[in-house]
Amino acid sequence: MPGRWSEVARSVGLLQADGVMSPTIFTEMSALAVATDSANLGQGFPDEEGPLWVREIAVQAILQGSNQYPPLRGIAALREAVSAHQHTHYGISLNPDTEVLVTAGATEALTAAILALTGTGDEVVTLEPFYDSHAAAIAMSGATHKTVPLIPQEDGFRLDRDALRATVNEKTRVILVNTPHNPTGTVLSHEELTLIAEEAERFDAIVITDEVYEHLLYDGATHVPFATLDGMFDRTLTVSSAGKTFSLTGWKIGWITGPALLLERVLAVKQYLTFSGGAPFQPAIARALTDGAEDIATLRQTLDRRRASLIKWLTDAGFHTVRPEGTYFVCADASPFLSSEITDGADFARWLPGAIGVACVPLSAFCREGSATAELLKNWVRFTFVKDDRTLETARERLLALRPS
Ligand SMILES: *Cc1c(COP(=O)(O)O)cnc(C)c1O
């Protein structure tokens with residue numbers, strides 16, 4: 001039975017036979033984008049800086065001496081701000097001393113939670129497609145990764161309900177939910193979340209939810225934190241981060257919230273991953289969460305405008321798209337552009353930068369190799385609209401060249 005991380009990583013394709021890290025499609029596409037001087041709509045990080053006033057607080061914190069290890073759980077001001085944020089937005093009451101933990105981004109929170117709660121013999125269920133670090137963390141824990149497809153429909157990528165019922169079972173230790181969802185942009189409906197809650201309850205599974213796009217919603221969509229569903233608080237760990245909400249992805253300030261007993265177990269792992277970090281950024285994010293509502297609203301408006309533009313340009317160019325209700329991303333079916341040489345979304349993504357100077361990523365990069373979902377989505381690609389107007393305008397002109405004449 002594969003036990004060591006390196007063996008597991010090889011078995012799921014994260015490492016090559018010689019132990020060297022497998023290059024991801026993201027690295028490959030970014031290199032291609034640079035080599036072809038493409039408008040890079042592949043990688044999903046913001047072109048623009050976060051709010052100046054928030055950055056100034058971090059500068060002051062450095063000058064005034066916030067430069068040594070912050071407390072293991074995070075500074076009190078940030079834990080209190082996270083607690084207040086959850087209460088103001090969602091009516092969730094959290095004790096900042098025992099039910100909030102500051103982490104090195106959402107990534108550390110997710111990895112620590114998965115390592116703390118699962119191991120060999122357990123199953124972890126995620127949606128598919130899925131964010132790449134989710135699969136890596138599950139592999140590190142030694143647990144088996146099971147997936148439930150999101151299927152493209154007129155009203156978004158929707159949960160495959162039958163697959164959910166068929167997949168969750170007594171071996172399921174954790175169900176990992178991500179809403180708003182990367183890469184599809186889906187915001188899971190209350191009904192979809194309720195179905196997941198029923199399965200979690202039936203098999204006594206813990207739910208970890210990745211809510212890093214909680215504020216990036218469009219078309220009047222609302223974010224329902226899983227922890228607010230009937231009876232779910234006690235079995236839910238909620239993960240979020242300042243990266244996407246404030247366009248400060250390089251600061252790596254995240255948090256995980258939930259019942260004290262579960263958090264205690266996460267803390268035991270987190271203590272030996274990073275212990276703590278981001279000393280000068282923590283007070284800045286505390287203030288951003290408290291006073292940043294206007295900045296969040298402005299970001300959402302800007303992204304909403306860019307989302308509408310990108311959907312229109314992709315549609316004009318001849319793609320079929322699914323309208324995302326949240327996140328940074330639009331997914332598009334590249335089938336109209338396939339040929340005997342360009343046979344799927346991965347080929348298309350490799351071809352597009354050289355052909356017209358625009359980069360995207362294939363959805364197969366977010367699927368398990370050979371899975372039913374990978375097959376279903378093999379012609380799909382993801383474009384991001386979290387880019388500045390100049391990059392987007394360049395992409396617009398170039399995408400027009402694709403249009404079948
Ligand atoms: C960006 C992203 C993360 C990582 O968040 P950090 O705070 O940068 O660690 C986690 N989950 C999803 C779905 C993301 O898109």
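1. A polar side-chain atom of Lys244 lies 3.0 Å from an oxygen atom of the ligand. This counts as a polar contact (a pair of N or O atoms within 3.5 Å; within protein, one must be able to donate a hydrogen and the other to accept it, and residues adjacent in sequence count only if both atoms are side-chain atoms). Tyr213 also uses its side chain, with an N or O atom 2.7 Å from a ligand oxygen. Ala106 instead places a backbone N or O atom 2.8 Å from an oxygen atom of the ligand. The residues around the ligand (a heavy atom within 4 Å of it) also include Tyr131, Asn178, Asp210 and Lys252.

2. This is a predicted model, in which local features need pLDDT of at least 70, side-chain atom pairs count only at pLDDT 80 or more, and totals for chains, interfaces and linings use all residues. Residues are numbered from 1 along each chain as its sequence is written, and side-chain values use heavy atoms, with hydrogens and water left out.

3. Buried means under 20% relative accessible area, with a 1.4 Å probe and protein chains only.

4. What does Phe348 touch, leaving aside residues up to four places away in sequence? Its contacts (heavy atoms within 4.5 Å) include Phe319, Phe337, Cys360 and Leu402.

5. Helices (H or I, at least four residues) and strands (E, at least two) are DSSP runs, numbered from the N terminus. Helix H4 (residues 76-90) has 15 residues and should span 21 Å at 1.5 Å a residue, which agrees with its end C-alpha atoms being 21 Å apart. The expected span is 1.5 Å times one less than the number of residues. Among the buried residues of H4 are Leu78, Val82, His85 and Tyr90. Their cover includes strand E2 (100-104) and helix H11 (281-291). Gly91 follows H4, with a positive phi near 75°.

6. Strand E3 (residues 123-128) has six of its six residues buried. E3 pairs (at least two DSSP bridges) in the parallel sense with strand E4 (residues 144-153) over six bridges, where Thr126 stands opposite Thr147. With strand E6 (residues 172-178), E3 pairs in the parallel sense over four bridges; there Val124 stands opposite Val174.

Conventions
Buried < 20%, exposed > 50% of the residue type's maximum accessible area, 1.4 Å probe, protein only.
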